[in-house]
Amino acid sequence: MTTVGRVSPPLLAMRGIGKSFPGVRALNGVDLTVHAGEVVALLGENGAGKSTLMNILAGVHGDYEGTIECQGEPVAIHSPRDAARHGIAMIHQELNLVPELSVAENVFLGREPTTARGTVRRKEMEARTAELLAGLGLDVPPRRAVKHCRIAEQQLIEVAKALSLDVRLLVMDEPTSALADAEVRRLHAVIRGLTARGVGIVYISHRLEELEEIADSVTVLRDGTCTGRRAMARTSRAELVRLMVGRPLDELYPRRPEQAPSTPPRLTVRGLTVTPPDGSPAVHGVDLTVAPGEIVGIAGLMGAGRSEVLQAVFGQYGTAARGEFTLDGRRYVPRSPGHAIRSGLALVAEDRKAQSLVLGNTVRFNSSLAALRRFATPWRTVRRRRETTAVREQMTALAVRTPGLENSVGLLSGGNQQKVVLAKCLLTRPGVLLVDEPTRGIDIGAKAQIHALMDRLAAQGTAILAVSSELPELIGMCDRILVLCEGRLTGEFHRDPARGPVADQEAILTAAMARHAVAAAPAAGPAGAPRAHGAGTGAAPRPPSGTASDAASDTASDATSGTASDAAPDTDSHELHPKEPRS
Amino acid sequence: MTSVLKAAPDTSGAAAPGRLRRLLPLFGSLQSYIGLVLIFAVGVATKGDIFLDQTNLTNAIGNFASRGILAVGVTLVIITAGIDLSVGSLMGFASMAAAMMLFHHDMPVWQIVPLCMLIGAAFGVVNGVGTTWLRIQSFVMTLAMLSIARGLDRQLSDNASVGTTVAGSDGKLTPNSEAFQSLGTPGHNVLVGILGPDGIYFPVLAFFVVCVVFHLVLSRSRFGRHIYAVGGNPTAARLSGINVTFVVIAVFTLSGMLAGFAGPIDAAYSASADPMAGNGYELDAIAAAVIGGASLAGGKGTIAGTFVGSLILTLLDNVLGLNAVSDNWQLVIKGSIVVFAVVLQRPDLLGGLRRRLTHRTRTDRSTEEK
């Protein structure tokens, strides 16, 4: 039945796999075949059963129905150790590395080469790690602590760990969800190297464009059953979506054509400079404006400072974020997230599990958490009925699939969790919505819904500033796209060709990789950046300048010091008209 | 199963199970009630006549009341994913302070109790500031405070007990001492006349009131929501606009304040303040919270649960005491009950254990076949 014809028995054949959890039939009669040197894409919406199937393969779920054959031999996989014995390794979406340990210690965790006396042979371990890493084209010292490695590097360290096990079948669950496009290409190069050696790969991803590039065949799951197996090359994207969703999905990006914002900007940022104390990438002199009804995107590679711009505006760095900000023409000083929310900003953070949700608590608790003030009595208690009504309204508007408001949010699928995060933000009635990777790791149906929601919010006059690693998403959804590289603006693109350079993937990537020019110049100044934005503050990242101490003062009244704001960004046509500050 | 949530016009039908579902967790886990009933049954079966006597039950609760009050404060801290080991020492310090205020300065009880609460709160603020601004883990910070407060207590008292039954020139208790003793001595009941001819034994009243007040704070107030959010996910809490530092300092302060409140009660109960009073009470308090379903990982726990947990430990003490079980075995049994209670509250754990056992046998069989 395989679409890719081969003679030798397949590396892996799973037949009629079924699995039930209490109250849920997660998998029913699913088949999956992987040949040596083949990349099989496993596709399906969240909750379709992909993870369950892979967890069975990795020995996480010991009791399953059906048979598994490795190279024609029937095998039983009841524990992760069984899986390892058959050469099966899995790289989970949430990486399983110990941040405090070194790269080498992580690669050989639990299998450290030891001397007769039981001590670890460090030298040998590090040498073998260096060898493995070199084979993957990764230049990281084996002694570096994993917490100091970037996500993309950690991903490859996981691959190295799998390779050290003499792996024949590698399962990669959303390996690129945290990677920027350039890093994805590198990972794909590594995968091609592995398949050339005869390793079989099961590749789970929501990004169809990526699958087209890397996968040989695709198996689609829906609601725990297999809805189709196809050769990747002969299958259209529309067909895959149909197999996955069960209905044609005509519009993933429902954004209407760009309309010239007629109103003054809601949010302006001038010369935003911040060096996060936690070692995140710094931002140097970024200028931007967002008008009501506008969706502005921020593109860039990992570590370009995209999220940091949002976080600085949201007050996460407090007054360490320097620059001049206005909200609806009035001076705004980022102080704390609480202050930002009260000022009418809302942030959909990058990592919904780590940053946005209290997973053990209920849908209602999470949705209303940021907006409790709205439901408070003078006694500072919460009006339960109003809260429930408001939350229920949002759940209906966002079509959240949950058994009820009192169910734990941790049990929802990724897409529904993300909708709860959005509901939490929307309940604060924000004028400016900051979204960081709004559709990371969620299925295509939920993705389309979230895009439609963003479009609807913009139509209602919300100003949206969006960060995403997926260029198609930015190009599909944004009126303007700003490109960041190493904390500086290196490009601005438009949806409307009449208003400036048009956004396309190549142009954005070129701007995003302008850092090669920066890297060539001495790190001291911004000279290497193609365009120096803004006046004054952006030029000197480190020493505190006069403007910075301005920004540090909390009083909103001395907003007139922001007169330098007439230096509007070059391609940005509308002028700024700062209103008189109130009070 | 899961369905898109509808606008729900059928509120009448949805309200009843909804309310029930809301109320059930409010009273802690079902398992702890079973435990309570079991212990009660054992008490009735073995020493029914004495056990069920009202004096016995009030005394049992009175004996545990100060620890129960500590448990309420500790529960708040545990929900924020912290721990407060200092409450026993803080209570000891407060009881010594209370006794000295009475003995040396003849202060009236209505001054002593608020002052003790202030003293406890001050220690609590230090705990909170240490864990937030100085970023010391709460276990370490409050362990240090346990030692510090005990040391100060012993230094203050010069290692000698201070009595709270102060006799006047006529040989009777002075009015202030009389009033103070009503905080904790059986027979010195308060609200006599208002709550019937006998009034109520103060430690019992205090414990109940503290539970009700903090139950309302946790379940109804914004601050309560913030406490759960900080314990469940501090980053999410901060990004939701919650001042996490404030919340953490506040719960340690409240815990200290409650320890300060328990001090005079304990002193009155034992009719004297011992320099080692409250030693080890923090463990009973934590045990009560944990039996009641609080998780040291944070984000979980209720005052109702802690209340039931306290009752379980109270009755356990009492039943074992009545049956003349030795102190040593009492400790062993108490510890075992904590473990038992925690395991019972984790049905997933039990299920996992069962699964693992069945797998083990299946894997063994499959390897045998080869």
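Mentor: Gladly. Leaving aside neighbours within four places in sequence, Met96(B) is in contact (heavy atoms within 4.5 Å) with Asp153(B), Leu156(B), Ser157(B), Ala160(B), Val162(B), Ala273(B), Asp274(B) and Pro275(B). Keep in mind that this is a predicted model, where local features need pLDDT of at least 70 and side-chain atom pairs count only at pLDDT 80 or more, while totals for chains, interfaces and linings use all residues. Residues are numbered from 1 along each chain as its sequence is written, chains are lettered from A and ligands numbered from 1 in the order in which they are written, and side-chain values use heavy atoms, with hydrogens and water left out.

Trainee: Is Met96(B) buried or exposed, then?

Mentor: Met96(B) has a relative accessible area of 0%, so it counts as buried. Buried means under 20% relative accessible area, exposed over 50%, and partly exposed in between, with a 1.4 Å probe and protein chains only.

Trainee: And which helix holds Met96(B)?

Mentor: Helix α4 of chain B, residues 87-105. Helices (H or I, at least four residues) and strands (E, at least two) are DSSP runs, numbered from the N terminus. Arg154(B) is 58 residues from Met96(B) in sequence, with their C-alpha atoms 8.9 Å apart in space.

Trainee: What is chain B made of overall?

Mentor: It has 15 helices and two strands. Of its 370 residues, 50% count as buried. Among contacts in chain B with a separation of 6 or more, 73% come from residues 24 or more positions apart.

Trainee: Where does UniProt put a "transmembrane region" in chain B?

Mentor: An unreviewed UniProt entry gives that annotation to residues 26-45, 115-136, 200-218 and 239-262. UniProt positions are given in the numbering used here, feature names are shortened, and annotations may be inferred rather than shown by experiment. In the model, residues 115-136 of chain B are 82% helix and 0% strand, with the end C-alpha atoms 28 Å apart. For residues 239-262 of chain B, the values are 83% helix and 0% strand, with 36 Å between the end C-alpha atoms.

Trainee: New topic! How many residues of chain A and chain B are in contact?

Mentor: 45 residues of chain A are in contact with 32 of chain B. The two chains bury about 3,300 Å² between them, 57% of it on carbon and sulfur atoms. Buried area is the accessible area (1.4 Å probe) that two parts lose on being put together, summed over both.

Trainee: Which residues make the salt bridge between the chains?

Mentor: Glu387(A) and Arg225(B), at 2.7 Å from N to O. A salt bridge is a side-chain nitrogen of Lys or Arg within 4 Å of a carboxyl oxygen of Asp or Glu. The count between chain A and chain B is one.

Trainee: Which helices of chain A supply residues to that side?

Mentor: α10 (337-342), α11 (352-356), α12 (363-368) and α13 (384-397) of chain A each supply at least two. α13(A) gives the most, with five residues.

Trainee: Can you show me one residue there?

Mentor: Take Asn361(A), in the loop between α11 and α12 of chain A. Not counting residues up to four places away in sequence, Asn361(A) touches Asn366(A), Asn407(A), Ser408(A), Val409(A), Tyr228(B) and Gly299(B). At 15% relative accessibility, Asn361(A) counts as buried.

Trainee: How many salt bridges are there over all chains?

Mentor: The structure holds 28. One pairs Glu294(A) with Arg480(A), the closest N and O atoms being 2.8 Å apart. Glu294(A) lies in the loop between β12 (283-290) and β13 (295-299) of chain A and Arg480(A) in strand β19 (residues 480-485) of chain A, so the pair ties together parts 186 residues apart in sequence. Both Glu294(A) and Arg480(A) are buried.

Trainee: Last one: why is helix α1 of chain A described as largely enclosed?

Mentor: Because seven of the eight residues of α1 (residues 50-57) of chain A are buried. They include Leu53(A), Met54(A) and Ile56(A). Just after α1(A), Gly59(A) takes a positive phi of about 85 degrees.
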